[in-house]
Amino acid sequence: MEQNVTIRVALPEDAPRLLEIYAPYVRDTAVTFEYEVPSEAEFRDRITSVLQGYPYLVAERDGRIIGYAYAHAFAVRKAYSWNVEMSIYVDSSCRRSGAGKTLYGMLERVLKEMNVLKAYAIIASTDREDPYLTADSVKFHSHEGYEATGTFRQTGCKFNRWYDTVWMEKSLGEHTADPAPLRPFAEVRGQFFSGN
């Protein structure tokens, strides 16, 4: 865990700072396939929506948010209940600082307590790095124990270029014939976080 970094649950009022972190990814990169920076109200709604069932966490250093990560339902069918899709964004000035590792580590611990068994990351990728996309996200997830399971070719067009998506996965628990039911984040939150 990075020194001087604390992890807490995101609050809707964190939206302005989280947007400051996210906006450059939208405007300047193909890391996200979103074209327009969402409004503060929309971003606030996204935080609230995720927190209705899943963890949405922020990393702070010296009281300032430097990154965030969250999980949400992978798909709507009941049989997918034990799977989540992961997302993480770190302030550009804090990349490679350990904040992302700390965030993902806590997120995975919470998800395990919720009985989530599989975490997926769907990552923009390209055969040749360019000014809009590097292999950093794939490398980060590989380092965190995620394995590539497939590549969808030319799935997103941004900046007049086509990008692939790499699907990566990590098992968080044992897959049995009768898995324990998924627990909502609200039920396990107090085991990890107090005061917010």
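These legends describe close-up views of helix packing in a predicted model.

**View 1. Helix α3 packs against helix α4.** Two packed helices are described by the angle between their axes and the distance between the axes. For helix α3, which spans residues 99–113, and helix α4, which spans residues 136–143, the angle is about 50° and the axes lie 11 Å apart.

**View 2. The residues that join α3 and α4.** On the α3 side the contact is made by Gly100, Lys101 and Tyr104, while α4 contributes Phe140, His141 and His143. Sorted by class, the residues of this contact of α3 with α4 comprise two nonpolar, three polar and one charged.

**View 3. Helix α3 packs against helix α5.** Helix α5 covers residues 185–192, and it packs with α3 at an angle of about 125°, with the two axes 9 Å apart. That angle makes α3 oblique to α5. Where α3 passes α5, the crossing is right-handed.

**View 4. The residues that join α3 and α5.** From α3 the contact draws on Met106, Arg109, Val110 and Glu113, and from α5 it draws on Phe185, Val188, Gln191 and Phe192. When the residues in this contact of α3 with α5 are divided by class, five are nonpolar, one is polar and two are charged.

Technical notes
Residues numbered from 1 in each chain as written. Predicted model: local features only at pLDDT ≥ 70, side-chain atom pairs only at ≥ 80, totals over all residues. Heavy atoms only, no water. Axes fitted to C-alpha atoms, helices over the stretch in contact; angles between N-to-C directions. Helix = DSSP H or I, 4+ residues; strand = E, 2+ residues; numbered from the N terminus. Contact = heavy atoms within 4.5 Å. Nonpolar A, V, L, I, M, F, W, Y, C, P; charged D, E, K, R; others polar. Parallel < 35°, antiparallel > 145°, perpendicular 65-115°, else oblique. Left-handed = near helix turned anticlockwise from the far one by under 90°.
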